[in-house]
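Have the viewer open as you read.

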Amino acid sequence: MFIDVVGFLAGLTLLLVGADRTVNAAAELALYYGLSAFFIGVTVISIGTSIPEMTTSVYAAYYDAGDLLVGNIVGSEVAQITLAIGVVALISRIEAKRRNVLIYGGAMMLAMIIMILVLEDGTIIRSEGFLMMLAYVAFIHDLYSHEGGEEITEEVVEERASPRQAIPWIGIGILLVVIGGHLMVTNGVAIARTAGISELLVGILTGLGTTTPEIAVAGLAAKRGNAGISVGSLLGSNITDPVFSLGVGALVANVTVTDPQSVFVATGYMLVVSLAVLGLMYWQRGIDRKGAVVCFLLYLPGFFLF
């Protein structure tokens with residue numbers, strides 16, 4: 001049991017460190033080519049910070065740990081839309097145009113609904129996983145055609161790394177993430193079985209841990225006054241995980257959950273809190289510190305439900 005816990009924590013640490021390296025290098029590479037801040041947030045940053053969820057999905061699917069896979073996605077989604085939004089809003093008020101909330105918030109809700117629908121029968125087959133990933137690629141293509149070419153400001157980063165500097169760090173970061181994901185999933189399943197707790201709950205707690213990159217990146221962007229990266233990365237991650245990260249896992253192997261009722265409750269709660277935060281963001285044209293407290297409070301009931 002002790003060895004499993006140490007292995008789990010070591011895997012989580014490697015995964016988060018690797019994700020951080022990958023995100024920083026990928027962001028600098030995108031900035032080097034002059035992409036818009038919001039586009040970077042929704043795509044490069046959100047995909048980079050979702051590498052832990054993607055890696056966990058691949059390993060969980062390979063080891064037939066469907067409940068842990070789904071729990072990790074749900075835990076990450078709930079933590080991002082409540083805790084991450086709350087942390088960022090405490091640092092600096094989140095400013096969001098209602099148009100962006102409707103478009104990207106709507107895409108986020110659609111991604112979650114797709115996830116719930118494909119999980120209705122308790123299994124996600126490879127063809128469904130492929131279609132989920134295809135839907136995400138179509139969204140990114142549409143987004144790039146509308147916003148990808150905007151000029152960025154010099155305040156986004158103080159220094160831009162050249163491709164020769166950034167690409168090796170991307171490779172190193174991904175390697176750390178892959179190793180960390182393997183350790184975390186295998187030891188997480190062992191802990192759950194030894195302690196007699198559900199793999200779904202382990203996955204949800206893991207999702208909280210893998211949300212750390214999103215919180216760190218969005219918080220840093222907010223502190224630097226870059227709302228495009230901050231809001232874009234959080235909304236983008238919540239679009240990436242339910243369809244692309246889950247689809248990647250299903251593409252490796254069919255994903256089957258053993259406790260559909262608990263999954264239904266968990267995904268339902270994810271949908272409700274996401275609607276609540278998006279509604280608040282639309283109404284206030286952002287999130288202030290009072291709204292941040294509301295976001296924190298929305299996260300707490302999840303522990304009692306799961």
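Leucine 251 is partly exposed, because its relative accessible area of 36% falls between the 20% and 50% cut-offs. Keep in mind that this is a predicted model. Leucine 251 sits in helix α10, which covers residues 227-252. Which helix gives the most to the nonpolar patch? That's helix α6 (residues 126-147), with three residues.

Zooming out to the whole chain, there are 13 helices and four strands. Of its 306 residues, 56% count as buried. The chain exposes about 13400 Å², and 67% of that comes from carbon and sulfur atoms. Take the contacts between residues at least 6 apart in sequence: 88% of them join residues at least 24 apart.

Now for the inside. In soluble globular proteins, nonpolar side chains tend to be buried together. Here, the largest nonpolar core has 69 residues, and the ones touching the most other members are Ile85, Met108, Met115, Ile124 and Phe139. Helix α4 (residues 66-91) is the top contributor to this core, giving 13 residues. There's also a second, separate core of six residues, with Phe8, Leu12, Leu15 and Leu16 among them.

Setting aside neighbours within four places in sequence, what is isoleucine 85 in contact with? The list runs Gln80, Ile94, Leu234, Val277, Met281, Ile287 and Cys295.

On to the rings. A pair of aromatic rings is described by the distance of the centres and the angle of the planes. Searching the whole structure turns up four aromatic pairs. Two of them go like this:

| Pair | Centre to centre | Angle between planes | Geometry |
|---|---|---|---|
| Tyrosine 62 and tyrosine 63 | 5.1 Å | 90° | edge-to-face |
| Tyrosine 136 and phenylalanine 244 | 5.2 Å | 50° | tilted |

Tyrosine 136 in helix α6 and phenylalanine 244 in helix α10 are 108 residues apart, and their pair links distant parts of the chain. Both tyrosine 136 and phenylalanine 244 are buried. Ring pairs also tie Tyr104, Tyr136, Phe139 and Phe244 into a cluster. Phe139 turns up here as well as on the list of residues that touch the most other members of the largest core.

What about tyrosine 62 and tyrosine 63? Tyrosine 62 is exposed, since its relative accessible area of 58% is over the 50% cut-off. Tyrosine 63 comes in at 36% relative accessibility, so it counts as partly exposed.

Last stop: backbone angles. Most residues other than glycine have a negative phi, and most peptide bonds are trans. Aspartate 64 lies in the loop between α3 (51-62) and α4. Aspartate 64 is exposed, because its relative accessible area of 54% is over 50%.

Arginine 285 also has a positive phi, near 55°. Look for arginine 285 in the loop between α11 (260-284) and β4 (286-287).

Terms used: Residues numbered from 1 in each chain as written. Predicted model: local features only at pLDDT ≥ 70, side-chain atom pairs only at ≥ 80, totals over all residues. Heavy atoms only, no water. Helix = DSSP H or I, 4+ residues; strand = E, 2+ residues; numbered from the N terminus. Buried < 20%, exposed > 50% of the residue type's maximum accessible area, 1.4 Å probe, protein only. Core = buried A, V, L, I, M, F, W, Y, C linked by side-chain atoms within 4.5 Å. Contact = heavy atoms within 4.5 Å. Areas by Shrake-Rupley, 256 points an atom, 1.4 Å probe, with all protein chains shown as cover. Phe/Tyr/Trp six-rings, centres within 6.5 Å; stacked < 30°, edge-to-face > 60°.
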